[in-house]
Amino acid sequence: MTDNAYTRRVFLQRSLAMISATGTLPLFLQRSAFAIDNPLDAPLTSSRPGVPDDRILVVVQLGGGNDGLNTVVPYADSAYHNARPYIGIKENQVIKLDTHGKTDGFGLHPSLGPLKDLYDEGLVSILQGVGYPNPNRSHFKSMDIWHTASPETGGQGNGWIGRYFDNTCAGEPEANACIAIGDKAPLATYGEKISPIAFDDANLFRWVGSELHPDLAKSYDQINRAGQDATADPDSPAAFLTRTALDAQVSSEKIRSAMAKPAEQSYPNSRLARSLKMISAMIRAELGTRVYYASMSGFDTHAGQLGNHNRLMRDFAGAVTAFYKDLKKQGNASRVCILTFSEFGRRVKQNASGGTDHGTAAPMFMIGDMVNPGLLGRQPSLTQLDSNGDLKYNVDFRQAYAAVIDRWMGADSKAVLGRSFKHVPIFNPKKLA
Amino acid sequence: MANTSTSPIKPDRFGYAEAQHLLNRAGFGGSSRQIQTLASMGPADAVDTLIDFPSTTDLPKPDIDPDVMRPLTDAERRERNRANRNGDEETLARFRAMRQTAQGADRRQFANLQQWWVDRMITTPAPMQEKLTLLWHGHFAVNYRGCEDAYLIYQQNELFRQNANTSFARLAAGIVRDPAMLVFLNNDRNLKSRPNENLARELMELFTLGVGQYTENDIKQGARALTGYTRNDNDFRFNSGQHDTGNKTILGKTGPFNGDQFVNICLAQNACPQFIAFKIYKHFVADVAKPNDADPDQKRVILKIAADLRRRDYDLKPVLRRLLLSEHFYDPSVRGTKIKSPVELTVGTIRALATPQRSGRLLLDALRMMGQEPLNPPNVAGWPGGRTWINTSTLFIRQNLATYLITGKPPFDTGWTRKQINYDATALIEDIKNPTPQAVVDRLLALLLGGAARPENRAALLAFLKDHNNRITNDTLIALLCLITAMPEYQLC
C-alpha cells in the first residue's frame, strides 16, 4: 500500500515536472527526455546494478500439453520403448544430443533439426523434468498455475509477468512494456500496474474509421494527437486518456511501419512463425517493450499423435530458429532470451488411439546467447511413476522463473514469486556480463 | 473539495445531465428520449424506477442444455472402472471421445450464453438488474476456464440476477452453496480428512472482508467449516459424511460451525460492510483500485455506505437508493471521470444511439480483445477495472468497435463501402427546429459525452462539417458520430 502511494506521488511530481517542458510529447518520449535529466533520481525500471535495461524476454507458450518424452526422447531407456511401442521414437530416428563427445541417452524429436543447429552453437539450454507439486491435469487449471506461478492456490491471482512489472516499475509503466500476440492478453501478464497489450494483426492497430471518408483522418488526428492539455491535472483520467491516445498513434505508426519492413530472415509458414516475426519487427523498431508473449496450440495429442506432433515440432523448431537468426542479423540476439513452456507433459504410456493423455513434468527450452547450453535438471524415472502413471518432477518451474527474473530481468524474484527459489543455472555468468 | 453529503439532491438540481449521469452509472445509458423521461420524473422517482425494476421473467432465456456435462451414470462408471482394471484401452478411448465431444458442445453453448447475456444487457427494460448482476459477477468472480460447465455458470448468473438488488447477505449465503463456485474454488475436494482452503480464503479475502482482516488460522478453521459443501451434478449437496463437525475458532468465535455459519461470522465483522461499501462505490461512483487508494472524501462516503449496509442488515435497495440520490453522486468530481468498462462502452453506445443489430459474435470478440469477456474474468479477483482497461491497443479496439456499431463496417473488412451503412442517424436530430452545424454538433455531444468535450475537439467537428459545406446528411452525421466515439473523453462516463 505504502509503495503504491509512494509511486503515485512520484509519478505525479514527475508528471508535473515534465508537463511544463514537454506538454504534448507522448509518454515514452517524455520518459526518454526525462531519463536524461532525472531530478528525482528515481529509476524508471528499478533494475539491479549492472543489469542493462534493454534486455528482452520472449515467452513462447505451447498450449495443450506438449509431449515432453517425444520432444526430448530418452531413447536409451527401454522403459520408454516398452511404454510406447507404437508412438515411441526409435533410436535411429532421434537427433542425438551427444554433448562433449559423450552419449547421455537423449535425443531430439526428428523434426527439431533446426533447433539442434542452435543447440550445437551453444544457444540452447534444455531443462528436464520441470513441473510442480500436486500436478493438475486440467488444461486450464494447469495453464493458470504456470501463468500465476502459484500451484498452492491452484493458479489464482495475478500473473508472474504482471507481478514482475508491479515490482519493478516506478509510476506509470511504459506504454508498450508488455506485448502479447493474440486476441487476449494472457493471465501471466496481468498485474496491478500494467495493462498488457494484445493484438493479432497490426492492421487493426489503428483506427479503421478513416476508411469511411478520406478526410476523416485529418479530424481524427486533430482529436487524438492533441496530447495532454498543459492546464489539466496530469493525474486525472482525462489526462491519462489523452496521453494514451497520443501514445497509441505513435505506437501504431511505429508498429505498422516496423511490420511493413521486410524481415532480414525468411520465416516458415506457421502461426508461431508469424507471431515471432511480428515480435522481431517490434524489437528492431525499439518499442521499449521488455516482455513479449507468443503462443501456439494444438499439443493436446490424445489420438493420432505421430503425424500431428511431427508437424507441431517442425513448426516450433522452424519458427524459433528463424526468429533467433533474424535477431542475430539485426544485432539484437544478445538482448533476447526465449523461454518456452507447456502446461504439462503427457502420460508415459501411450493410449489406444495412438496418442497420449494428460501428464505432468516435461522439458522447458531456454534459448539465447546467454544460456548455459546443454541438458540441465534431470529426467524423471520412467518406471518410478506417480499413482496416475505420470512422471515425478525434479525441477519446480518457479526455479526457472526465479533465475530469469533475478539474473536476466534484474528484478527480485522473491518479491515476484512470493518466496525464494533455488535457481536452475540457466544463465552463464560470463555471457551475462 | 468534493461534496460528500449523502443527503438527497434537490429536485430543482436534477435535469437532463443529472438523469443521464444516473442512467449511465446505474444502467448502461440511453437515448435522449429515455434520459428526458427520467429527468422529468424528478430524482426520487427516477432512482426508484431504476432500483425497483419491473419483473423480467418474460425476457428470453438462453438456449442451454443442463445435461451436456452430466456425470457418468452408475452403469457407465462401472464399465469404465472395469476397463481401467482390465487395461481395455478401446473402451477407455470411447469414454475419452465421449468426454471430448461433450466439452466441445459445452464450449459452443457457453459462447451462446455469453452472447445471450450481452444481448440481454442491450435490450432489457431493467438495466440496473444487469448492472448489478455484473457487479456481483465481478465480485464473486468465476470463469469458464476453471469450471468448464456452461450450465453451472448460467445458474450462478441467475443467482446474481435474482438477488441483484435484494441483500448482500443472501448473495454471500448463496455463493457457498453455488455449484459453479464450489467447483471453481475446489471446495468439491474439501474433505474432512484433507481440507482444501481455497474457498475459505477467498470468502474472507475477496468476498467479504478484504486482505489483512483475518489470520491464516482463520482460513484453516474456516476451511473445516466448509468441508462437505459439494455438488451433485447441477445441484448443491451437503455431504455430511465429509463434514467436520468439530469445534472451530473463526475470527474469535468458537463453535461447531458449518459453512453457512462461517458466512454469518464474516458478515458480522466490521470489515465486511466497509469492504462491500467499497465495492459498491467502485462499481457506481469512482475508479478506486483499492480501499486504501480512496481519498479522504471518498473514504467518508464509503464509510457512510458501510454504516447503511450494517444498519439495514445488508439490504441493498435502501443503500443503493441513498447513494444514487446523494449530492455526492452528482458532484462534478464524480461525473464524467470513470473509465467505461468494455461492456459499458459496448452496451452504452448501442443503447444511446439505438444502432441496428450487430453480430453477437463480433461483439464478443471485441469484448475479449478489450479485456472483458463476460462470464470469463481472468481470475477469482474479477476485473481490476479503471485505468487497466486502457492501453494503446485496447483504445484502438474501442474506437473501431464504436465505428462498427455505428456503420456496420467490420474492422477487418476492406471491401466494405459507405453504401452499406444501415443506420439512420438523422433520427437523432429530427426534433431540432433549426439544425445549424453548432446545434447539431452540440446535440450529438450532449447525447454521447454529456456535453463534456474538449473545446478543441468540438472545434474539430465543426471544421469537419465546414469542409463539407455544412451539409447535414446521414453521411456527415455518421462521420461525426465516428469522430465523437473516437475522442479520448468518450472512454469516460
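User: Which residue follows H16(B), and what is its phi like?
Analyst: That's Ala354(B), and its phi is positive, near 50°. Keep in mind that this is a predicted model.

User: Where does H16(B) run, and what length should it span?
Analyst: H16(B) covers residues 342–353 of chain B. At 1.5 Å a residue, its twelve residues should span 16 Å, and the end C-alpha atoms are 17 Å apart, which agrees.

User: Buried or exposed, the residues of that helix?
Analyst: Buried. Twelve of the twelve residues are, so H16(B) is largely enclosed by the rest of the structure. Among them are Glu344(B) and Arg351(B), along with Val343(B), Leu345(B) and Ile350(B).

User: Let's zoom out. How many helices and strands does chain B have?
Analyst: Chain B has 21 helices and four strands.

User: What percentage of chain B counts as buried?
Analyst: 51% of its 493 residues. As for contacts in chain B with a separation of 6 or more, 73% come from residues 24 or more positions apart.

User: How is chain B divided into domains?
Analyst: There's domain 1 (11–51), domain 2 (342–420) and domain 3 (425–491). The centres of domain 1 and domain 2 of chain B, taken over C-alpha atoms, are separated by 25 Å.

User: How many residues are in contact between domain 1 and domain 2 of chain B?
Analyst: Five residues of domain 1 are in contact with six residues of domain 2. The domain 1 side of that contact has one nonpolar, four polar and no charged residues.

User: What about chain A against chain B? How many residues does the contact take from each?
Analyst: It takes 52 residues from chain A and 54 residues from chain B. On the chain B side, H5 (89–123), H17 (360–370), H18 (392–407), H20 (455–467) and H21 (474–485) each supply at least two residues.

User: Switching to strands. How do S1(B) and S2(B) pair?
Analyst: S1 (residues 229–232) and S2 (residues 235–238) of chain B pair in the antiparallel sense over four bridges. Asn232(B) stands opposite Asp235(B) in S2(B).

User: What sits between those two strands in the hairpin?
Analyst: Two residues, and one of them, Asp233(B), takes a positive phi near 55°.

User: Which other residues of chain B have a positive phi although they aren't glycine?
Analyst: Glu148(B) is one, at about 50°. Glu148(B) is in the loop between H6 (127–139) and H7 (150–162) of chain B. Leu251(B) also has a positive phi, of about 50°, and Leu251(B) is in the loop between S3 (248–250) and S4 (253–255) of chain B.

User: Why does Glu148(B) count as buried?
Analyst: Because it has 21 C-beta neighbours inside 10 Å, and the cut-off for buried is 20 or more. Leu251(B) has 19 other C-beta atoms within 10 Å, so it is partly exposed.

User: Over to chain A. In what order do the strands of its open sheet come?
Analyst: S2-S4-S3, three strands with antiparallel pairing. S2 (72–73) and S3 (95–96) stand at the edges with a single partner strand each, so one side of each is left without a neighbour in the sheet. S2(A) pairs with S4 (residues 107–108) of chain A over two bridges, and Val72(A) stands opposite Leu108(A).

User: Last one: where is Asn167(A), and what does it touch?
Analyst: Asn167(A) is in helix H6 (residues 160–168) of chain A. Leaving out residues up to four places away in sequence, Asn167(A) touches Ala411(A), Asp412(A), Ala415(A) and Val416(A). With 19 C-beta neighbours inside 10 Å, Asn167(A) counts as partly exposed.

User: How many Å separate Asn167(A) and Asp201(A)?
Analyst: Their C-alpha atoms are separated by 30 Å, with the two residues 34 residues apart along the chain.

How values were computed. Residues numbered from 1 in each chain as written. Chains lettered and ligands numbered in written order. Predicted model: local features only at pLDDT ≥ 70, side-chain atom pairs only at ≥ 80, totals over all residues. Expected span 1.5 Å × (residues − 1). Pairing = 2+ DSSP bridges. Contact = placed C-beta atoms within 7 Å. Domains from an automatic or database assignment. Nonpolar A, V, L, I, M, F, W, Y, C, P; charged D, E, K, R; others polar.
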